[in-house]
Amino acid sequence: SFLAYSLKKNCNCKHEIYFNENETFFYIQSFPSDEGWPFAKYLGACGRMVAVNYVGEELWSYFNAPWEKRVDLAWQLMEIAEQLTNNDFEFALYLLDVSFDNFAVGPRDGKVIIVDAENVLVADKRLIRQNKPENWDVWYESKFDDCDKEACLSFSKEILCARVTVDHNYYAVCQNLLSRHATWRGTSGGLPHAPPAAIAKDGRLEALLDECANPKKRYGRFQAAKELREYLAQLSNNVR
């Protein structure tokens, strides 16, 4: 099956867009958008070419959009991080390449979609629980990577495939897209930069983003990510 193939490989234009046959094909087939997964919709294939629907402009184009739009996109990104980490299928999909050009926004519904799924690692949590590799039940905290390049991420594929509880997706989204550490094309500050004066004065948003990107407490990112999702949802609802 497509899913089995993906797991084996990973663990232990403004109309239709065509990809050469690669891992993106297997992800959009194994985790279809019709079932709520945040990937482009598979339309069909001809030989080694795969067609998916056009999603919209890259996330980058919204970097200076009105606050109302950016805070909603930030909330959606955290929801994607949560969905890929914890879901009823017991598969964790870890994003290994997270940057503003790996996501797009639907022009009609404003929905954030992953448009580049070539660097996604799939871990079967049920298989991990069954095989019980060393430290399988110890929560794994990703290490903050304060590099001088864009879209840096620090990770170990071996560890991601051997732990049940992992904060990698929260780390990747917060560090590379949302927090003050995010840099892209000469800009910095993350997607929810320059918040309204009242939000900035309150300081909660900045504190949660900092803890999510570079936690100061043990397991702090797990809690910060949960609170950040809730807070962004609140902010998003308030500005709609």
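**Close-up views of a predicted model**

View 1. With a relative accessible area of 21%, W60 is partly exposed, a class that lies between buried (under 20% relative accessible area) and exposed (over 50%), as judged with a 1.4 Å probe and protein chains only. The model is predicted, so local features need pLDDT of at least 70 and side-chain atom pairs count only at pLDDT 80 or more, whereas totals for chains, interfaces and linings use all residues. Residues are numbered from 1 along each chain as its sequence is written, and side-chain values use heavy atoms, with hydrogens and water left out. F100, in contrast to W60, is buried, and its relative accessible area is 1%. The structure holds 9 aromatic pairs, a pair being two rings of Phe, Tyr or Trp (its six-membered ring) with centres within 6.5 Å, stacked if the planes are under 30 degrees apart, edge-to-face if over 60 and tilted for the rest. W60 and F100 make one of these pairs, in an edge-to-face arrangement with 6.3 Å from centre to centre and 75 degrees between the planes.

**View 2. An aromatic cluster.** F31, W37, F89 and F91 are joined into a cluster by ring pairs.

**View 3. The disulfide between C174 and C212.** The structure holds 1 disulfide, a term used for two cysteine sulfur atoms within 2.5 Å. In this bond, the sulfur atoms of C174 and C212 are 2.0 Å apart. The torsion about the S-S bond of C174 and C212 is about 80 degrees, so the disulfide is right-handed. Because C174 belongs to helix α6 (residues 168-178) and C212 to helix α8, the pair ties together parts that are 38 residues apart in sequence. Both cysteines are enclosed: C174 counts as buried at 0% relative accessibility, and C212 is likewise buried, with a relative accessible area of 0%.

**View 4. Helix α8 and its covered residues.** Helix α8 spans residues 204-213 and is mostly covered, with 7 of its 10 residues buried. Those buried positions are L205, L208, L209, D210, E211, C212 and A213, so that the list includes the disulfide partner of C174. Across the protein, buried residues make up 50% of the 240 residues, and the secondary structure comes to 9 helices and 10 strands, counted as DSSP runs (H or I, at least four residues, for helices; E, at least two, for strands) numbered from the N terminus.

**View 5. S142 and its contacts.** S142 occupies the loop between α4 (125-131) and α5 (157-160), where S142 is buried, with a relative accessible area of 5%. Leaving aside residues up to four places away in sequence, S142 touches D167, H168, Y171 and R221, a contact meaning heavy atoms within 4.5 Å.

**View 6. E68 in helix α3.** E68 is found in helix α3, which covers residues 67-85, and the residue is partly exposed, with a relative accessible area of 41%. E68 and P196 are 128 residues apart in sequence, yet their C-alpha atoms are 9.9 Å apart in space.
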